[in-house]
Amino acid sequence: MSDDISFNQAKYLLSAPTIKQCPDDTGREVAFAGRSNAGKSSAINTLTNNSKLARTSKTPGRTQLLNFFTLSEDRRLVDLPGYGFAKVPKAMKQAWDRNLACYLQERQSLFGLVMLMDIRHPLQEYDWQMIRWASQAEMPVHLLLTKADKLKKGPAKSVLLGVQGELAKEGFGDNISIQTFSSLKKAGLEELKKTLNVWLKAEK
Ligand code: GDP
């Protein structure tokens, strides 16, 4: 389709420590979340075909910020900090949790959440917390089981079905879609783009 979003046009816009410093809450954005090391930067770089784009979020001291990238005048991607830092002091983690919950609940232009989980370690405690927050905010979630190249096709499919089953059992089946993904092999890229095109184009 000629009017599909050009993800390779993505440009770094700004980093915001709290919701107050975010860009104007107009248009539409999709946020990426996941545990540190889940493969979030790699996935954003693969999606945008720009190997340097998500590096901003890896700059020391910047990991607790929301990083905004523009796709067009009123469409954005947002890189949320990787959760699960072992070394962050508790008070800092609590402050960040409040900021993140606030962003998910109050940000009008946030349309959906792409959540990344390493296919070998899905549905960890903090992943469930994100899923609960998104559900409370009535926000669609698209789950990427990342680094799918680490498993053979059959086992990868079993993990996908297992995660789907767990989510359904906990009552989250309806608003969550799920796929396998590999930045290394660029596998699952078209499926991801398809979801993002629907989310970023739909009327609210
Ligand atoms: P982030 O902390 O979530 O941003 O994760 P990164 O994108 O930095 O990736 C963490 C590690 O996983 C790095 O060593 C990447 O090279 C590796 N990685 C990321 N995506 C893939 C993938 O699709 N396949 C494989 N095999 N490794 C990956």
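Which residues lie nearest the centre of the second largest pocket? Of the 14 residues in its lining, A148, K153, A156, K157 and T180 do.

## About the model

Before going further, a word on the ground rules: this is a predicted model, in which local features need pLDDT of at least 70, side-chain atom pairs count only at pLDDT 80 or more, and totals for chains, interfaces and linings use all residues. Residues are numbered from 1 along each chain as its sequence is written, and side-chain values use heavy atoms, with hydrogens and water left out.

## The second largest pocket

This pocket holds about 210 Å³ of space. A pocket here is an open set of points on a 1 Å grid over the protein atoms alone, where a 1.4 Å probe fits, with protein on both sides within 12 Å along at least five of seven lines; lining residues have an atom within 4 Å of a point. The volume is the space filled by probe spheres set on the points, which are joined across faces, edges and corners.

Helix α4 (residues 153-169) gives the largest share of the lining, four residues. Helices (H or I, at least four residues) and strands (E, at least two) are DSSP runs, numbered from the N terminus. By type, the lining has six nonpolar, three polar and five charged residues. Nonpolar covers Ala, Val, Leu, Ile, Met, Phe, Trp, Tyr, Cys and Pro, charged covers Asp, Glu, Lys and Arg, and polar the others, Gly among them.

## T180, beside the pocket centre

T180, one of the residues nearest the pocket centre, sits in strand β7 (residues 176-180). Its relative accessible area is 27%, so T180 is partly exposed; buried means under 20%, exposed over 50%, and partly exposed in between (1.4 Å probe, protein chains only). Beyond its neighbours within four places in sequence, T180 is in contact (heavy atoms within 4.5 Å) with I119, L145, A148, A156, L160, A187 and G188. Both A148 and A156 also belong to the group nearest the pocket centre.

## Around the ligand

There are 15 residues around the ligand, and N37, K40, S41, S42 and D149 come nearest; "around" asks for a heavy atom within 4 Å. Some polar contacts (pairs of N or O atoms within 3.5 Å; within protein, one must be able to donate a hydrogen and the other to accept it, and residues adjacent in sequence count only if both atoms are side-chain atoms) can be named. Oxygen atoms of the ligand lie 2.6 Å from a polar side-chain atom of S41 and 3.0 Å from an N or O atom in the side chain of K147. For D149, a polar side-chain atom is 2.7 Å from a ligand nitrogen atom.

V141 belongs to strand β6 (residues 141-146) and is buried because its relative accessibility is 2%. Its contacts beyond four places in sequence include L113, M115, I176 and W199.

R75 lies in strand β4 (residues 75-79) and counts as buried at 17%.

## Positive phi in two loops

Most residues other than glycine have a negative phi. E138, not a glycine, has a positive phi of about 55 degrees; E138 is in the loop between α3 (125-136) and β6 and is exposed at 68%. K186, also not a glycine, has a positive phi of about 50 degrees. The loop of K186 runs between β7 and α5 (189-201), and K186 is partly exposed at 49%.
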